[in-house]
Amino acid sequence: VKVRDLIHRYVGQEEPIRVSGLDVHSGEKVAITGPSGCGKTTLLSCIAGILVPTAGEVTIGETRIDQLGESDRRKFRREEIGLVFQEFELLEHLDVRENAYLPLWLDGREPSAEEQEKFVGRAKRCGISDLLQRKPRALSQGERQRAAVCRALMTSPSLVLADEPTGSLDANSGQVVLDLIFEEAEITGATVIVVTHDATILGGFDRVETIEEDPS
């Protein structure tokens with residue numbers, strides 16, 4: 001992942017978000033820290049192609065994701081990126097299992113027997129294997145968080161982007177979730193970028209990048 005001279009201005013915002021540069025090598029585990037409002041979530045959203053920066057470059061592998069059209073960004077995201085949103089973004093009309101299968105359904109296919117087995121194993125590891133038929137409204141915040149992590153790993157993505165993945169979890173559950181992400185990445189060779197305020201988890205990363213409040 002390469003980010004160069006990124007600027008993103010929200011409607012009505014006087015000062016834009018600026019990130020001068022970020023380089024994350026293939027297979028690296030990088031934590032991004034910094035004060036609230038400095039642009040961490042915006043940076044993650046630009047890397048994911050959810051937001052298109054006002055200026056600058058975002059490259060994943062050989063792909064300039066900021067130059068892709070909306071449909072191509074969605075396709076790239078489904079095929080290459082596992083996302084854990086800060087607000088979880090689980091669909092309320094789907095149960096936990098259906099939410100996890102959704103990325104595959106959007107690609108027009110059902111999960112293989114192996115993918116289903118891996119999903120159940122992740123759910124068991126996270127302590128939600130008995131909740132797979134529950135809708136998100138019947139889950140606690142922590143259970144939603146763990147369900148979102150299992151969904152993000154469903155496609156064995158080459159890049160995992162997680163925004164505060166331990167924010168709704170106690171220390172023990174947070175470590176379980178982080179270990180799961182790291183172990184999956186080790187198996188598949190995935191790159192992991194995590195935005196976090198949790199200083200207790202930073203030791204598990206290869207590197208910590210800090211975004212300043214006013215990097216300009």
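The buried residues of helix 1 are Lys-40, Thr-42, Leu-43, Leu-44, Ser-45, Cys-46, Ile-47 and Ala-48. The model is a predicted one. Helix 1 covers residues 40-48, and because eight of these nine residues are buried, the helix is largely enclosed by the rest of the structure. Here buried means a relative accessible area under 20%. Gly-49 follows helix 1 and has a positive phi, near 80°.

## The chain as a whole

Six helices and nine strands make up the secondary structure of the protein chain. The C-alpha trace spans about 50 × 40 × 35 Å along its principal axes. For 216 residues, a compact globule would have a radius of gyration near 17 Å, and the protein chain agrees with this because its own value is 17 Å.

Of its 216 residues, 48% count as buried. Among contacts between residues at least 6 apart in sequence, 69% join residues at least 24 apart. The protein chain exposes about 10,600 Å², of which carbon and sulfur atoms supply 45%.

## Pockets

Rolling a probe the size of a water molecule over the atoms shows where empty space is left.

| Pocket | Space | Lining residues | Lining by class |
|---|---|---|---|
| Largest pocket | About 470 Å³ | 17 residues | Ten nonpolar, two polar and five charged residues |
| Second largest pocket | About 240 Å³ | 13 residues | Four nonpolar, seven polar and two charged residues |

Which residues lie nearest the centre of the largest pocket? They are Arg-77, Leu-83, Phe-85, Pro-103 and Leu-106, out of the 17 residues that line this pocket. By class, the lining of the largest pocket has ten nonpolar residues, together with five charged and two polar ones.

The second largest pocket holds about 240 Å³ of space. Val-1, Val-24, His-25, Ser-26 and Gly-61 are the closest to its centre among the 13 residues of its lining. Seven polar residues occur in the lining of the second largest pocket, with four nonpolar and two charged residues.

Methods. Residues numbered from 1 in each chain as written. Predicted model: local features only at pLDDT ≥ 70, side-chain atom pairs only at ≥ 80, totals over all residues. Heavy atoms only, no water. 1 Å grid on protein atoms, 1.4 Å probe; cavity = no way out; pocket = protein on both sides within 12 Å on 5 of 7 lines; lining within 4 Å. Points joined across faces, edges and corners; volume = space filled by probe spheres on them. Nonpolar A, V, L, I, M, F, W, Y, C, P; charged D, E, K, R; others polar. Helix = DSSP H or I, 4+ residues; strand = E, 2+ residues; numbered from the N terminus. Rg over C-alpha atoms; globule rule 2.2 N^0.38 Å. Buried < 20%, exposed > 50% of the residue type's maximum accessible area, 1.4 Å probe, protein only. Contact = heavy atoms within 4.5 Å. Areas by Shrake-Rupley, 256 points an atom, 1.4 Å probe, with all protein chains shown as cover.
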